[in-house]
Amino acid sequence: MSASSPLVETPCEYLSLPALVQLLQAILQRHGCSAEVARCLAQNCAVAERDGSHSHGIFRIPGYISTLDSGWVDGRALPVVEDVAPAFVRVDAANGFAQPALAVGRELLVRKARAAGIAVLAIRNSHHFAALWPDVEPFAEEGLVALSVVNSMTCVVPHGADRPLFGTNPIAFAAPQAKGQPIVFDLATSTIAHGDVQIAASKGERLPPGIGVDSLGQPTQDPRAILEGGALLPFGGHKGSALSMMVELLCAGLTGGHFSFEFDWSNHPGAKTPWTGQLLIVIDPSKGGGQDFAERSQELVRQMHAVGLKRLPGERRHWQRARSQERGIAIACERLEQLRALAQG
Ligand SMILES: NC(=O)C1=CN([C@@H]2O[C@H](COP(=O)(O)OP(=O)(O)OC[C@H]3O[C@@H](n4cnc5c(N)ncnc54)[C@H](OP(=O)(O)O)[C@@H]3O)[C@@H](O)[C@H]2O)C=CC1
Ligand SMILES: O=C(O)C1=NCCCC1
């Protein structure tokens, strides 16, 4: 089916989630991923596209390909799980992607969280090139509370500094709600995600003021100036900067992964995926001693709506998901043609 979508300006086709996963998996396998790694990344990328997380959906496929082709990441890596303490799991991603590392550590993490009330998964030696919400939302669907952080690559100037050091370092949180979708937020600790700077540059758009600086450290609204020697700022000044610092400490200091400034990909032209670490904390809220947590979440949301709130974090995604489920995932025809060509040769 081909049609003109009201959501995208160009003509588009509508794909089911399994069809998009299959297409992306074929591309990733052609570029050196094992079947299992390709399936895991394809699923992750396709759900981002389905939910309208466009900066981390199919937009990322060329970056995955150039990185795999450069030899910077091991698309066939076999992550190693270590059961280190009653509430602590470690995974060495073996210079592979973070999502397969989470997948192999997940079952043990949940078992420990249910037994101890809380458990930590520390992933190191990993590459995360995706949205973070798919890593936490499934825990909330099982009644658990989850928090995850991941660091990326130097492109953010710490508040009060004059040169970049931190990554865009997102934080994602998910909690169950008695009725309806879990409560989820997923936000970069920079003013905007690096992916959104790239998208603005590709469309020739200007950014709002206060987003970033050029190579001389001067404020700029030109996304290309941010990408070519400039940098982003943390959101909320010293507050976002402190959170970004925390992300570096938890993802690299604590796991044994690299800080955002510690890896050097200059010998791998085309490499785009940060070689860092990731931390997940999972809590069983039934151990908290309060009333049913999911009911309490619902009460909080009810009260937020009562004071006039129209949009909760995560709601736009769920609206977009429902729309994609109804009519398929809208993909611009031109883009789909490129993806199909990549899957074939
Ligand atoms: N792998 C990596 O190293 C990195 C990945 N990223 C990813 O980039 C993506 C985009 O990050 P970012 O640009 O910060 O995200 P946004 O600023 O678009 O959104 C951040 C959060 O706020 C919610 N939100 C946005 N606008 C509103 C509003 N008006 N009212 C209520 N809630 C709102 C969003 O919900 P909703 O989703 O429903 O819009 C989301 O949960 C994330 O998925 C992140 O994980 C970013 C940096 C690095
Ligand atoms: O958008 C971002 O910021 C990033 N996304 C994927 C990994 C690098 C940073």
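Predicted model: local features only at pLDDT ≥ 70, side-chain atom pairs only at ≥ 80, totals over all residues.

Residues are numbered from 1 along each chain as its sequence is written, chains are lettered from A and ligands numbered from 1 in the order in which they are written, and side-chain values use heavy atoms, without hydrogens and water.

An open sheet of mixed pairing is formed by seven strands in the order 3-4-5-12-6-7-8. Strands (E, at least two residues) and helices (H or I, at least four) are DSSP runs numbered from the N terminus, and two strands pair if DSSP finds at least two bridges between them. Strand 3 (80–85) and strand 8 (183–187) are at the edges with a single partner strand each, so one side of each has no neighbour in the sheet. From one strand to the next, the twist averages 15°.

Strand 7 (residues 171–175) pairs with strand 8 in the antiparallel sense over five bridges; Phe173 stands opposite Phe185 in strand 8. Helix 4 (residues 98–116) packs on the sheet and touches strand 3, strand 4 (88–97), strand 5 (118–127) and strand 12 (275–283), contact meaning heavy atoms within 4.5 Å.

Ligand 1 is surrounded by 20 residues, each with a heavy atom within 4 Å of the ligand. Polar contacts are pairs of N or O atoms within 3.5 Å.

| Residue and part | Distance to an oxygen atom of ligand 1 |
|---|---|
| Asp186, side chain | 2.4 Å |
| Arg316, side chain | 2.7 Å |
| Arg317, backbone | 3.4 Å |

Technical notes:
Axes fitted to C-alpha atoms, helices over the stretch in contact; angles between N-to-C directions. Polar contact = N/O pair within 3.5 Å; in protein donor to acceptor, adjacent residues only side chain to side chain.
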